Amino acid sequence: MGQSFSFFSLKHHPPKQDPTDQKHQPGVFSKLAAPANKPGDFVHLISNCISAASTRTQEYLAFKDLEEKFHPSPRVLIQVFLMTYITQIFSLNVTDAFSCTVTTPEQRVLPGADWVWATLEKPSQNPKIQIVVQMAQMEPGGMNPHEKTVDFRASVGKDCFALFLLFGKQDDQENIYSVRSNNFEAAIAKGNKVDRFSSTEAFGPIFIKSLVRPDWDLNPDLHPLPRSSWIPGRMKK
Amino acid sequence: MFPNPSWGLLQMAATQDVKGKGEGGDQNFDYMFKLLIIGNSSVGKTSFLFRYADDAFTSAFVSTVGIDFKVKTVYKNDKRIKLQIWDTAGQERYRTITTAYYRGAMGFILMYDITNEESFGAVQDWSTQIKTYSWDNAQVVLAGNKCDMEEERVVSVDSGRLLAEQLGFEFFETSAKDNINVKQTFERLVDLICDKMSESLDTDPAVTTGAPTAKLTDSAPPLQQPACNC
């Protein structure tokens with residue numbers, strides 16, 4: 001699995017770029033969306049589903065009603081994301097290979113995750129590689145609830161990753177950012193706090209690709225989930 | 001062995017509530033029992049709990065993520081007993097997480113699948129896990145699940161019963177699918193816990209006085225109020 005993106009990349013922020021500069025550059029996500037070359041290569045299908053879910057959620061994030069009465073809660077946004085994702089993934093019929101288990105309200109208190117993606121072993125249908133996903137609103141001053149998810153991931157072991165989908169970034173309310181936590185615990189062990197993410201821009205790329213392609217070149221640049229494709233960059237209207 | 005402080009704490013909470021200091025409907029109970037369902041992956045633990053708590057069943061297998069729980073209130077001799085039932089993932093990868101929840105459990109349903117020899121062979125190991133991570137007075141019921149699948153049976157009823165006797169557990173063959181012995185298993189476990197509580201009171205009268213030094217055993221927690229009159 002790619003390990004090159006780390007918490008410590010916070011210290012190596014790429015220079016801020018004009019969002020429009022990136023608009024037409026092919027990024028890692030655009031490659032993900034390429035057609036499959038071989039049977040069982042479902043990465044691009046999953047990527048498309050996540051892209052669709054992200055797009056739909058961002059429509060809610062960006063929506064402005066004139067009376068300013070529309071304020072969907074984080075829970076509603078999570079449901080929008082999930083419903084869109086599940087609808088897409090079912091239509092593509094890849095649920096046997098890549099499952100999505102939505103946690104119960106009780107479970108959310110424990111590992112803190114909203115859902116878990118997993119590649120499945122056959123014939124047992126038990127999870128092989130897992131991605132514990134937490135979708136949350138970025139709040140100034142702390143992201144401590146994420147530590148639960150990080151702890152959960154660490155206790156499961158190396159076959160489990162944590163992925164945070166964060167929205168509500170102060171200077172970019174309309175995008176969803178992603179960050180993975182392969183080595184959050186290493187960062188914490190060295191005295192850093194997870195809540196530093198709330199005040200940084202070092203968000204790593206989504207890493208579905210790394211599930212099947214460990215040599216995937218992880219890009220530490222900013223990767224807000226795009227509105228309609230996997231091309232990184234902000235895509236404000 | 002770990003001491004079990006939560007037993008006393010839970011009952012303290014219940015005692016307060018009975019006196020009208022409860023915080024809401026969820027707190028409205030006389031006793032709270034923490035129960036765990038354990039056993040190999042895919043033996044039917046989640047289905048068993050769903051059948052008991054929601055009277056529902058689906059044959060689709062979804063591996064439990066870590067641990068989950070449901071709450072169900074039962075009535076026994078006019079006492080409200082709130083069951084906090086923890087559904088654990090059977091997969092080895094979650095063992096660190098699930099064993100952390102053994103502490104304070106008053107009862108276990110140790111489940112195997114009568115169509116899966118390996119799950120039956122693992123019962124001894126699960127029993128050891130209980131002894132390692134739980135406390136001495138925890139009660140255990142062995143459940144051979146999926147007894148509706150007679151044609152695929154590889155573990156006989158006698159084998160199950162014999163193993164239960166050897167381990168000192170009660171025994172049921174169950175089916176979450178056909179709703180066989182599900183309620184009975186939980187009811188029996190509740191009875192066993194109530195019996196144990198009463199027995200503890202008999203052997204240590206100091207408990208009834210609420211003496212702070214009262215203990216069930218060296219490793220058991222102090223009881224805060226009389227046991228239920230089950």
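Over all chains, the structure holds 14 aromatic pairs. A pair here means rings of Phe, Tyr or Trp (its six-membered ring) with centres within 6.5 Å; planes under 30 degrees apart are stacked, over 60 edge-to-face, the rest tilted. Take B:F69 and B:W86: a tilted pair, 4.8 Å centre to centre, with 35° between the planes. B:F69 is in strand β2 of chain B and B:W86 in strand β3 (residues 79-88) of chain B, so the pair ties together parts 17 residues apart in sequence. Strands are DSSP runs of E, at least two residues, and helices are runs of H or I, at least four, numbered from the N terminus. Both B:F69 and B:W86 are buried, buried being under 20% relative accessible area, exposed over 50%, and partly exposed in between (1.4 Å probe, protein chains only).

Ground rules: this is a predicted model, where local features need pLDDT of at least 70, side-chain atom pairs need 80 or more, and totals for chains, interfaces and linings use all residues. Residues count from 1 along each chain as its sequence is written, chains are lettered from A and ligands numbered from 1 in written order, and side-chain values use heavy atoms, without hydrogens or water.

Back to B:W86. The charged end of B:K34 sits over the B:W86 ring, 5.8 Å from its centre. The test: NZ of Lys or CZ of Arg within 6 Å of the ring centre and within 35 degrees of the ring normal. B:K72 lies over the face of B:Y52, at 5.0 Å from the ring centre.

Now the sheet in chain B. Six strands, open, mixed pairing, order β2-β3-β1-β4-β5-β6. Strands pair if DSSP finds at least two bridges between them. β2 (67-76) and β6 (170-173) of chain B are at the edges with a single partner strand each, so one side of each has no neighbour in the sheet. Strand to strand, the twist averages 25°. β1 (residues 31-39) and β4 (residues 107-113) of chain B run parallel over five bridges. In that pairing, B:G39 has B:M111 in β4(B) as its bridge partner.

Last, chain A. Where is A:C100? A:C100 lies in strand β1 (residues 98-102) of chain A. A:C100 is partly exposed, at 23% relative accessible area. Beyond neighbours within four places in sequence, A:C100 contacts A:L82, A:Y85, A:W115, A:V116 and A:W117, contact meaning heavy atoms within 4.5 Å. One aromatic cluster takes in A:F81, A:Y85, A:F98, A:W115 and A:W117.

How values were computed
Axes are lines fitted to C-alpha atoms, for helices over the stretch in contact, and angles run from 0 to 180 degrees between N-to-C directions.
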